[in-house]
Amino acid sequence: MSNTTKDFFKLSKKGKKLSPPPALSHDALLAKSKLLAKRSVEAKEAGLDVECQLWAAAALELLAKAQLSGIHSSLIVEAENNNSLLEANGIPTGTAVRTIGAATAYTRLKHTVPNFSTPVFEECKKLAERRNAELHSGDAACASMPYEAWEGDFWNAADLILKSMGMDLQEWLGADSKAPKALLKAYRLAEIKASKQRVKHHATEFKKTDQGKLGKEKFALLVQETAKLPIELKHFHYLYVAYWHHECPACKTVGAAAGDEHWEDLADDQSSANYGFQIMERGYSPSEFHCPTCCLSLVGDASVHAAGIDEAHVETTEEDIKYEPEYGND
Amino acid sequence: MAFAPDLKGLRQKLEKGWASFPVPCTDSQDFAEALVQLGQSLGTPRGTRSRRRLVDELRPRDAHEVSVPSLSRSVGRGMQPWHMDEAHRVEPARYVVMGILECPPSTAPTELLEAHTLIPSKLQEEAISEPFLVRTGAGSFYATITARDQQFVRFDPGCMEGATERATRLMIGLVDQKLLPTHVHHWNPGSVLVIDNWKMLHRRADASKSMDRTLYRVSVMEGSSR
């Protein structure tokens with residue numbers, strides 16, 4: 001269907017923003033996410049566990065889409081659907097808009113929300129999957145999940161998304177924010193405390209082992225050996241982009257950290273690059289740690305950072321230049 | 001050290017295309033941070049070659065020392081041609097914040113030219129119609145020097161190659177005009193020059209004798225990211 005009543009090109013060149021329909025509007029999505037989040041809080045106060053989780057899942061999905069739509073509405077429509085893309089750019093087609101699913105929205109948030117790391121993404125995805133299973137199958141997916149198992153991760157994810165939009169739980173929930181704010185604070189403190197306790201516990205247990213009683217020189221040899229051990233992906237809860245060796249905060253041998261790419265840049269010093277090649281640097285932010293020696297396992301950014309594993313891991317690679325170098329005013 | 005520029009006064013001065021003033025700093029880190037804060041008050045600072053670093057430290061180099069495409073590779077320490085910064089980006093930076101913390105009196109000045117004087121009336125049609133290859137590695141694109149609704153004059157002989165014979169002749173003609181500067185900024189220690197990159201072209205004068213010239217620069221995009 002062509003719309004000949006408006007010259008969309010001219011409107012766009014004049015700087016006039018063409019508004020998407022309410023289904024894709026940032027403001028409308030945000031307002032609805034607030035409503036659903038409030039329903040979740042009310043459901044919890046009424047002792048309705050399943051409803052609380054269902055409303056929370058829906059609220060989080062709409063909040064995610066509001067975040068993406070705030071960048072551009074085309075980020076929340078299915079790319080293969082031409083009409084939805086046109087609608088996302090404010091060009092009416094007279095057809096119903098199809099938005100992306102929750103999992104796709106959360107995948108895109110990994111690029112648009114700071115600290116939306118793999119563990120956070122996976123918990124959001126699981127919440128969406130439980131919601132789908134509860135609504136579309138015979139499974140009692142939500143009923144079997146106690147509050148403690150999911151709501152800390154939910155509020156954490158919501159807070160990260162809100163922060164990326166310059167908002168917070170107070171602005172999202174208003175008068176209903178008191179309990180969630182307290183819960184989130186307690187959840188984050190508990191994560192940090194649990195991490196430190198876990199490190200302390202594993203350090204204590206390690207000292208009781210034969211390896212933990214080694215003298216300085218033999219311990220140094222042990223450290224060297226552990227540094228050569230291959231990194232076993234099966235020890236990690238989630239799949240990441242990068243894995244690297246890192247000192248274990250508990251037993252001080254060498255374990256493995258994992259995380260996703262945080263930044264990528266051309267190395268300042270290109271002098272060692274062969275002709276036709278360039279040296280790239282990539283920084284990875286740690287989200288999980290595992291030590292094969294003392295079995296310390298830390299999952300999530302807060303846990304890992306609380307244990308002192310917080311520096312980005314930088315990898316340098318020499319890559320062939322597919323294009324000539326970028327121009328610069330220098 | 002928090003730097004609090006007089007934003008209203010600065011914007012008034014920038015209406016003529018540039019503004020300069022001293023910034024009281026003794027430490028290079030504080031100085032660089034002050035330039036970033038100045039940039040943040042005007043728009044959104046953006047890294048140039050390195051996306052992570054907002055402040056460039058520029059020193060004159062001989063052409064043979066430069067391995068990447070830049071004006072330094074073509075003119076070395078000599079006088080640069082008139083240009084705007086970031087002509088190689090689809091949307092060039094709106095402001096360029098430059099500063100020199102320490103320098104001898106003979107440091108090569110920065111010269112400014114009102115961009116609208118670059119194109120004489122007889123070349124206006126070619127400027128809007130003849131395409132150039134803006135060469136910048138994987139991000140290369142085609143553009144004309146001026147365009148309808150474009151608020152700046154895209155001009156940098158270092159990265160713009162005529163894609164047609166007329167375009168090539170146009171570039172030669174514009175460079176050969178030998179236009180005199182509208183303003184010459186002589187650097188003093190601790191001085192800052194803010195250029196409206198969309199209104200003014202600029203160039204560094206001959207720096208053959210400026211051995212200790214370190215210029216700090218922050219490129220600022222239009223609009224705030226806050």
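Which residues does B:Arg166 touch, not counting residues up to four places away in sequence? Please also describe the salt bridges and the contact between the chains.

Analyst: B:Arg166 touches B:Glu126 and B:Glu130, leaving aside residues up to four places away in sequence. Keep in mind that this is a predicted model.

Start with the place of the residue. B:Arg166 sits in helix 5 of chain B, which covers residues 165-176. B:Arg166 is partly exposed, because its relative accessible area is 47%. That value falls between the cut-offs of 20% for buried and 50% for exposed.

Now look across from the helix. B:Ala127 is 39 residues away from B:Arg166 in sequence. In space, the two C-alpha atoms are 9.8 Å apart.

One of the two touching partners does more than touch. The side chains of B:Arg166 and B:Glu130 form a salt bridge, with 4.0 Å from N to O. B:Arg166 belongs to helix 5 of chain B, while B:Glu130 lies in the loop between helix 4 (124-129) and strand 6 (132-134), so the pair ties together parts that are 36 residues apart in sequence. B:Glu130 is buried, because its relative accessible area is 10%, whereas B:Arg166 is partly exposed at 47%.

Next, the wider set of salt bridges. Over all chains, the count comes to 28. Among them is the pair A:Glu123 and A:Lys126, whose side chains meet at 3.2 Å, N to O. These two are three residues apart in helix 6 (residues 118-136) of chain A, so about one helical turn separates them. A:Lys126 is partly exposed, with a relative accessible area of 33%.

Another pair is A:Glu205 and A:Lys208, with side chains that meet in a salt bridge at 3.0 Å, N to O. A:Glu205 counts as partly exposed, at 35% relative accessibility. A:Lys208 is exposed, because its relative accessible area of 53% is over the 50% cut-off.

Now turn to the place where the chains meet. On one side, 14 residues of chain A are in contact with chain B; on the other, 28 residues of chain B take part. About 1,900 Å² of area is buried between the two chains. Carbon and sulfur atoms give 42% of that area. Three residues, A:Tyr327, A:Asn329 and A:Asp330, supply 44% of the area that chain A buries against chain B.

Five of them cross the interface of chain A and chain B. One joins the side chains of B:Arg89 and A:Glu326, at 4.0 Å from N to O. Polar contacts between the two chains come to 13 residue pairs, counting residues at pLDDT 80 or more. On the side of chain A that touches chain B, strand 2 (residues 254-266) gives the most, with three residues. By class, that side of chain A has eight charged, four nonpolar and two polar residues.

Terms used: Residues are numbered from 1 along each chain as its sequence is written. Chains are lettered from A and ligands numbered from 1 in the order in which they are written. This is a predicted model: local features need pLDDT of at least 70, side-chain atom pairs count only at pLDDT 80 or more; totals for chains, interfaces and linings use all residues. Side-chain values use heavy atoms; hydrogens and water are left out. Helices (H or I, at least four residues) and strands (E, at least two) are DSSP runs, numbered from the N terminus. Contact means heavy atoms within 4.5 Å. Buried area is the accessible area (1.4 Å probe) that two parts lose on being put together, summed over both. A polar contact is a pair of N or O atoms within 3.5 Å; within protein, one must be able to donate a hydrogen and the other to accept it, and residues adjacent in sequence count only if both atoms are side-chain atoms. Ala, Val, Leu, Ile, Met, Phe, Trp, Tyr, Cys and Pro count as nonpolar, Asp, Glu, Lys and Arg as charged, and the others, Gly among them, as polar. Buried means under 20% relative accessible area, exposed over 50%, partly exposed in between (1.4 Å probe, protein chains only).
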